[in-house]
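Have the viewer open as you read.

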Amino acid sequence: MTGARTRFAVACALALFSVSPLPAQEAATPPAMEAAATATLPTAEAAVPATPALWRIADEDTTIYLFGTIHILPEATDWYKGPVAKALDSSQLLVTEAIIDSPAELQKIFLAKAVRTDGSSLRESLPPEERATLEKAMAQLGMPAGTLDPFKPWYAALLLSTLPMQQNGYKAENGVEAQIEALAKKLGLAREALETAEYQIGLFDSLPADAQKQYLNDVLDQLPTMRDDLGKLVAAWKAGRPEELAELLNADETDERVRQTLLADRNAAWAKWLNARLDEPGTVFVAVGAGHLAGKDSVQDQLAAQGVTTTRVQ
């Protein structure tokens, strides 16, 4: 399996989905969205400068900004400046992937869909070699061997890609969502979401069983190099290099079902929403995972297919 392929799997927790799985261990760090409610902007002194990419679509009376986010980051990042700050400050509406009001409710949704119902455990469902790989990874992460047994492969994959991020210092309070939601509240912006948390979680659960197992295997393949790969992803985002980000996130995903369900179909739906939103006047700031605004089948590609021009602002 190629590095690019497995990066797509890990990217779901970093730059493709706003929902984050609740840890199966009580001692684990709470999920990303739990911290968002109380997050504050980093001070200019502590923040690392960044110029992430920003785009705009517009007509006579409507302007919509498209901003790619990283959901959790290892350090405070000073992205709220220049064209991005001007765009957000001029907006009346903030649109994100999903609005997570209650971490407890999010946990209920995850568990309602993630728990196995076939009478077998996760490890029992895997061939011996894959089971050994899973058990080795769990041991390295400090997880008891049976921790993931009650769950479906997609949930195990999400959890296994989230916990190493936390162990490597990635924190929700440093993520763009936490900061932008605090800013929106301060600025008095209205809020909308493109999806619901239940819908996002349901996408993983809708994957065929073999695709779920392949997704889990991809995450397991990525774990040994995850720290370096995450660093490259974040560096590309900070520098505003969507082409590089696309190569790291989306390239060479060989299971087209996973890519179509988790990326392409969602981008197409969002592009239709954006095109329709141009019929309403006003200024809108849309913040979604950076992987959706990079590479093949990106939101910009989907908009172009509808005859809508996207202009790079930063």
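A few ground rules before the tour. This is a predicted model, in which local features need pLDDT of at least 70, side-chain atom pairs count only at pLDDT 80 or more, and totals for chains, interfaces and linings use all residues. Residues are numbered from 1 along each chain as its sequence is written, and side-chain values use heavy atoms, with hydrogens and water left out.

**The chain as a whole**

The chain holds 13 helices and eight strands; these are DSSP runs numbered from the N terminus, with helices being H or I of at least four residues and strands E of at least two. Of its 314 residues, 56% are buried. Here buried means under 20% relative accessible area, exposed means over 50%, and partly exposed is in between, using a 1.4 Å probe and protein chains only. Among contacts with a separation of 6 or more, 85% are between residues 24 or more positions apart, where a contact means heavy atoms within 4.5 Å. The chain exposes about 12900 Å², and carbon and sulfur atoms supply 50% of that area. Those areas come from the Shrake-Rupley method with a 1.4 Å probe; for residues, only the protein chains shown count as cover.

Rolling a probe the size of a water molecule over the atoms shows where empty space is left. On a 1 Å grid over the protein atoms alone, a cavity is a set of points where a 1.4 Å probe fits but cannot get out, while a pocket is an open set with protein on both sides within 12 Å along at least five of seven lines; lining residues have an atom within 4 Å of a point. Grid points are joined across faces, edges and corners, and a volume is the space filled by probe spheres set on the points.

How many cavities of 30 Å³ or more are there? The count comes to one. The largest cavity has about 80 Å³ of space. Its lining includes P52, W55, W237, R241 and L293. Two elements, α10 (226–238) and α11 (242–250), each give two or more residues to that lining. By type, the cavity lining divides into nine nonpolar, two polar and one charged residue. For this sorting, Ala, Val, Leu, Ile, Met, Phe, Trp, Tyr, Cys and Pro are nonpolar, Asp, Glu, Lys and Arg are charged, and the others, Gly among them, are polar.

Now for the second largest pocket, with about 280 Å³ of space. It has 14 lining residues, and A137, Q140, L220, L223 and P224 are the closest to its centre. Two or more lining residues come from each of α5 (128–140), α6 (153–167), α9 (209–222) and α10, with α5 supplying the largest share, four residues. This pocket's lining splits into seven nonpolar, four polar and three charged residues.

The expected span is 1.5 Å times one less than the number of residues. Buried residues of α9 include Y215, L216, V219 and L220.

Helix α7 (residues 176–187) also fits: its twelve residues should span 16 Å, and its end C-alpha atoms are 16 Å apart. Among its buried residues are V176, E177, I180 and L183. Just after α7, G188 takes a positive phi of about 75 degrees.

P150 and A145 both sit in the loop between α5 and α6. P150 is partly exposed because its relative accessible area is 39%, and A145 counts as partly exposed at 38%. D297 lies in the loop between β7 (282–289) and α13 (299–305). Its phi is near 65 degrees, a positive value in a residue other than glycine.

| Residue | C-alpha partner and distance | Contacts |
|---|---|---|
| P150 | A114, 8.3 Å | A114, V115 and R116 |
| D297 | R259, 9.9 Å | R259, A264, N267 and Q302 |
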